[in-house]
2 protein chains.
Amino acid sequence: MAVFTHVGAEDIARFLENYGIGPLTSAKGIAEGVENSNYLVEAGGTRYILTLYEKRVDADDLPFFVAFINHLADAGNPVPRILPDANGSHVQRLMGRPACLIQYLPGISLSRPNGRQAYATGAALARLHNSAADFVGGPANPQGPAQWRFLTDLIGARLDDILPGLHASVARECDALERLWPHDLPTGVIHADLFPDNVLVLGDDVSGIIDFYFACRDTTAYDFAVTHSAWCFSPDGSTPLPTLAASLAKGYQSVRPLSTAEIAVMPVLARGAALRFLLTRAHDWLDTPENALVVKKDPIAYLRRLDAYRADTAGALFGFAAP
Amino acid sequence: MAVFTHVGAEDIARFLENYGIGPLTSAKGIAEGVENSNYLVEAGGTRYILTLYEKRVDADDLPFFVAFINHLADAGNPVPRILPDANGSHVQRLMGRPACLIQYLPGISLSRPNGRQAYATGAALARLHNSAADFVGGPANPQGPAQWRFLTDLIGARLDDILPGLHASVARECDALERLWPHDLPTGVIHADLFPDNVLVLGDDVSGIIDFYFACRDTTAYDFAVTHSAWCFSPDGSTPLPTLAASLAKGYQSVRPLSTAEIAVMPVLARGAALRFLLTRAHDWLDTPENALVVKKDPIAYLRRLDAYRADTAGALFGFAAP
């Protein structure tokens with residue numbers, strides 16, 4: 001990750017004048033988040049994140065992100081509030097790009113979370129889901145089942161360049177998930193991308209949940225499945241981490257107990273999560289030039305997860321306590 | 001610029017244990033400096049810069065950088081002290097790379113400095129030169145006149161791909177500078193790369209001088225010439241900024257008056273500075289692949305400066321007060 005748009009300190013200082021804060025005493029471009037440009041700035045003794053949205057985030061979606069994140073912040077969730085300028089406007093333009101000034105949250109993002117951090121993250125995700133329940137609106141998931149089919153057809157036989165037979169296998173999985181996908185579970189706005197590096201911790205406590213740019217309206221339990229797929233395997237997908245999974249589940253259920261129906265269908269939801277990341281990674285893998293500014297992530301790591309979730313023994317991966 | 005080596009927060013936390021500081025409460029990869037990987041970290045309520053040295057900085061040179069920077073810090077210059085670990089060692093290894101923990105300095109780096117900032121920078125550079133006077137050691141400038149000849153021959157006729165006739169013109173300039181270069185002026189360890197983005201300011205005051213990885217032993221007045229070439233033109237080199245130059249000179253001379261000999265030869269020193277950046281930029285321009293992580297800088301911007309310094313009117317570029 002990198003800074004894609006360079007903003008001079010003078011321009012940042014002028015930008016901050018709209019917010020009535022200053023003077024600017026530090027501005028560092030930071031390598032964080034998806035393909036946006038981020039600056040960690042300090043002004044008037046307080047730190048902020050200045051984000052310029054590059055092409056991956058649609059400016060038309062920003063009002064939703066602002067409303068949802070600030071709704072969560074108002075409800076006491078540790079999310080980075082998007083700040084209004086002196087005119088009450090949350091989205092500005094800087095260097096020709098949409099730009100927001102965002103609350104800085106302390107904490108470090110993890111590579112190898114421990115069980116206590118998984119428990120705290122489960123609980124924080126459940127609180128987020130509870131707070132999202134009374135949020136009105138939000139777009140349908142653009143990375144949902146219809147998109148999996150679309151990407152499978154778009155990438156087509158090139159999937160076999162990653163692994164022979166992958167195209168047919170993925171197409172069959174699309175068929176299966178269309179049959180098995182639940183349509184009667186509770187829905188709400190979900191994070192949809194809660195990888196460990198999108199959680200900030202201080203010690204074992206969650207101090208921040210960040211990077212909401214995949215947030216959308218979808219099945220609430222699917223968000224738990226996405227989080228499980230991101231947290232509860234070794235990074236290459238070869239080794240399930242059931243103890244960590246049990247902590248994640250226990251933390252989540254301490255705040256929002258999953259229903260019997262949600263638990264029963266969790267392996268199917270997790271197959272969807274694994275397929276989603278398998279396909280977007282495969283697409284990026286095949287389409288990203290060498291030497292590009294983004295790190296290419298191995299799609300096979302999610303094929304291994306998909307295989308685990310497809311196995312008869314998949315239920316054991318989640319570590320749900322016996323009823 | 002970007003982060004080249006990713007270090008997980010857990011590894012940073014373990015690294016900081018050697019320094020007896022903690023706990024780690026924030027770690028952000030920052031896009032700063034030359035081709036190193038830098039993290040802005042906060043631990044025990046204090047901010048630090050963690051630098052991992054990538055291949056451009058030779059690990060064998062680090063003890064010199066440590067000694068010189070800390071010598072300057074001891075003398076009261078606003079430079080980022082390189083901190084010792086609990087065993088008194090300043091250079092560690094992290095992720096297979098040499099790594100240092102460095103004092104964080106507040107301040108912003110400028111794109112468009114004003115006259116007061118140029119004055120303050122001139123004075124800060126002069127204080128640095130005064131403090132360097134009693135520093136023993138330091139390598140000869142690896143980017144000095146011998147290297148200009150070497151790069152001219154190495155790049156050869158490919159210089160004409162940048163601009164027809166450039167190779168012959170640069171070779172003639174090497175000849176001229178070998179004849180004209182002074183060998184009897186005061187020398188010392190110099191910064192050798194004091195671009196505006198290597199100066200941190202708070203308002204109009206210099207709060208930091210950073211990025212010492214070109215520091216070397218050379219003619220002291222040459223450092224002033226390098227700074228002039230970096231500060232006192234529009235970025236594309238087409239427009240001299242004599243008012244800014246007069247402020248830079250006045251600030252410098254308020255602390256360390258330049259001798260008549262140094263002033264007389266300044267256009268020659270500045271031709272050397274312009275040639276140095278012209279050649280290293282040309283080399284990078286021709287050898288850096290598209291899509292690389294570093295920004296390619298236009299060598300022509302320094303050809304324009306070289307032309308200005310070669311003109312009969314070059315003396316006026318510096319804004320030295322009449323004696």
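**Close-up views of a predicted two-chain model**

**View 1. The three-stranded sheet of chain A.** In this predicted model, chain A holds an open sheet of 3 strands, arranged in the order E6-E8-E9 with antiparallel pairing.

View 2. In chain B, 3 strands form an open sheet with the order E6-E8-E9 and antiparallel pairing. The edges are taken by strand E6 (108-109) and strand E9 (205-209) of chain B, each with a single partner strand, so one side of each is left without a neighbour in the sheet. Strand E8 (residues 199-202) of chain B runs antiparallel to E9(B) and is joined to it by 4 bridges; in this pair, Val199(B) stands opposite Ile209(B) in E9(B). Helix H3 (residues 115-132) of chain B packs on the sheet through contacts with E8 and E9 of chain B, with its direction at about 45° to that of E9(B).

**View 3. The packing of helices H6 and H9 in chain A.** Two packed helices are described by the angle between their axes and the distance between the axes. For helix H6 (residues 166-180) and helix H9 (residues 260-287) of chain A, the angle is about 145° and the axes are 10 Å apart, while the crossing of H6(A) and H9(A) is left-handed. From H6(A), the residues Glu173(A), Leu177(A) and Leu180(A) meet Val268(A), Arg271(A), Gly272(A) and Leu275(A) in H9(A). Sorted by class, this contact of H6(A) with H9(A) has 4 nonpolar, 1 polar and 2 charged residues.

**View 4. The two domains of chain A.** The domain assignment divides chain A into domain 1 (9-104) and domain 2 (109-318), and the C-alpha centres of these two domains of chain A lie 27 Å apart. Where the domains of chain A meet, 15 residues of domain 1 are in contact with 19 residues of domain 2. On the side of domain 1 of chain A that touches domain 2 of chain A, the residues divide into 11 nonpolar, 3 polar and 1 charged.

**View 5. The contact between chains A and B.** The contact draws 29 residues from chain A and 29 residues from chain B. On the side of chain A that touches chain B, helix H1 (9-17), strand E1 (24-30) and strand E6 (108-109) of chain A each supply at least two residues, and the largest share, 7 residues, comes from E1(A). By class, this side of chain A has 16 nonpolar, 9 polar and 4 charged residues.

**View 6. The axis relating the two chains.**

Definitions and conventions:
Residues numbered from 1 in each chain as written. Chains lettered and ligands numbered in written order. Predicted model: local features only at pLDDT ≥ 70, side-chain atom pairs only at ≥ 80, totals over all residues. Domains from an automatic or database assignment. Contact = placed C-beta atoms within 7 Å. Nonpolar A, V, L, I, M, F, W, Y, C, P; charged D, E, K, R; others polar. Pairing = 2+ DSSP bridges. Axes fitted to C-alpha atoms, helices over the stretch in contact; angles between N-to-C directions. Left-handed = near helix turned anticlockwise from the far one by under 90°.
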